[in-house]
Amino acid sequence: MEACRSGMSDDPREQVRLGCQVLDLLGQSDLVWGHVSVRDPGGRGTWIKARGLGFDEVTASDVVLVDRDGTILEGDGGLHLEYPIHTEVLAARPDVSAVVHTHPQAAVAFGATDLELRPIGHEGALFSPPGPPRFTGTSDLINTSELGAAVAASLGNHNAVLLVNHGIVTAGRDLPAAVLGAVFLEKACRLQLDAAATGRPLRWSTDEEAVAKRESFGGPGQMASVWQYLLRRVQTRVEARTPTV
């Protein structure tokens, strides 16, 4: 999926806030768990959502800057135990500037099977072929630099990895790409599980057609339009929640 910076603030704290709001809007909240991060443009570390907050609650002031060792350099709020997912992926992937970790239901269920993700719908073509790798080193918290590095190694040059019995990690050239990756991966997993549940033989796009879909459906123009739409929906929700005087 191509990078898409349309409608994005240059402030990494605002980018993280928007990422959290979009993920909540599209059903990827899991109480206070899950996180979004953006690489600091000055090379100081990683901006990440503070712990103890739901995606819907996050404001720009709830985003902290952390270095690779877990020291908070700027901002107020606690640090998620799983920050090494973000710091280690960003360290391993200079082409990536944003990382998302969530626990979406269909993707967790899919990861627990031996199914290979297929391009059954347009969304699946963003991840297959080849399908996203599975990380099986542990299903517990990724709370050490060693485990974070292992997740990064499993991710490799893919845009997503399934943490078996745990959740997903998506990586993008910018914040919209990482967030939309999480959204589309969940939809692709749900579509395939629904189709498999019929018990009938499955059909999916050929490799050639899937790659073509990736370039059209997942191209920068399409993703920019999707992102603008989601920003409008977030703004509408904010306005609906704002009391009038």
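A salt bridge, as the term is used here, is a side-chain nitrogen of Lys or Arg within 4 Å of a carboxyl oxygen of Asp or Glu. Under that definition, Asp40, Arg44 and Glu74 are linked in a network of salt bridges.

Before I continue, a word on the source. This is a predicted model, in which local features need pLDDT of at least 70 and side-chain atom pairs count only at pLDDT 80 or more, while totals for chains, interfaces and linings use all residues. Residues are numbered from 1 along each chain as its sequence is written, and side-chain values use heavy atoms, with hydrogens and water left out.

Between arginine 44 and glutamate 74, the closest N and O atoms are 3.1 Å apart. This pair links distant parts of the chain, 30 residues apart: arginine 44 lies in the loop between strand 1 (35-39) and strand 2 (46-49), and glutamate 74 in strand 4 (residues 72-74). Helices (H or I, at least four residues) and strands (E, at least two) are DSSP runs, numbered from the N terminus. Arginine 44 has a relative accessibility of 44% and counts as partly exposed, and glutamate 74 is partly exposed at 31%. For these classes, buried means under 20% relative accessible area, exposed over 50%, and partly exposed in between, with a 1.4 Å probe and protein chains only.

Glutamate 74 also takes part in strand pairing, as the bridge partner of leucine 65. Strand 3 and strand 4 run antiparallel and are joined by two bridges; strands count as paired if DSSP finds at least two bridges between them. In their hairpin, which has five residues between the strands, glycine 70 takes a positive phi near 90°.

Strand 3 also pairs with strand 2, in the antiparallel sense and over four bridges. There, valine 63 of strand 3 is the bridge partner of lysine 49.

Which residues of strand 3 are buried on its two faces? Val63 and Leu65 are buried on one side, and Val64 and Val66 on the other. In a regular strand the side chains alternate between the two faces of the sheet.

I return to the charged pairs. The structure holds ten salt bridges. One of them joins arginine 93 to aspartate 95, with the closest N and O atoms 2.9 Å apart.
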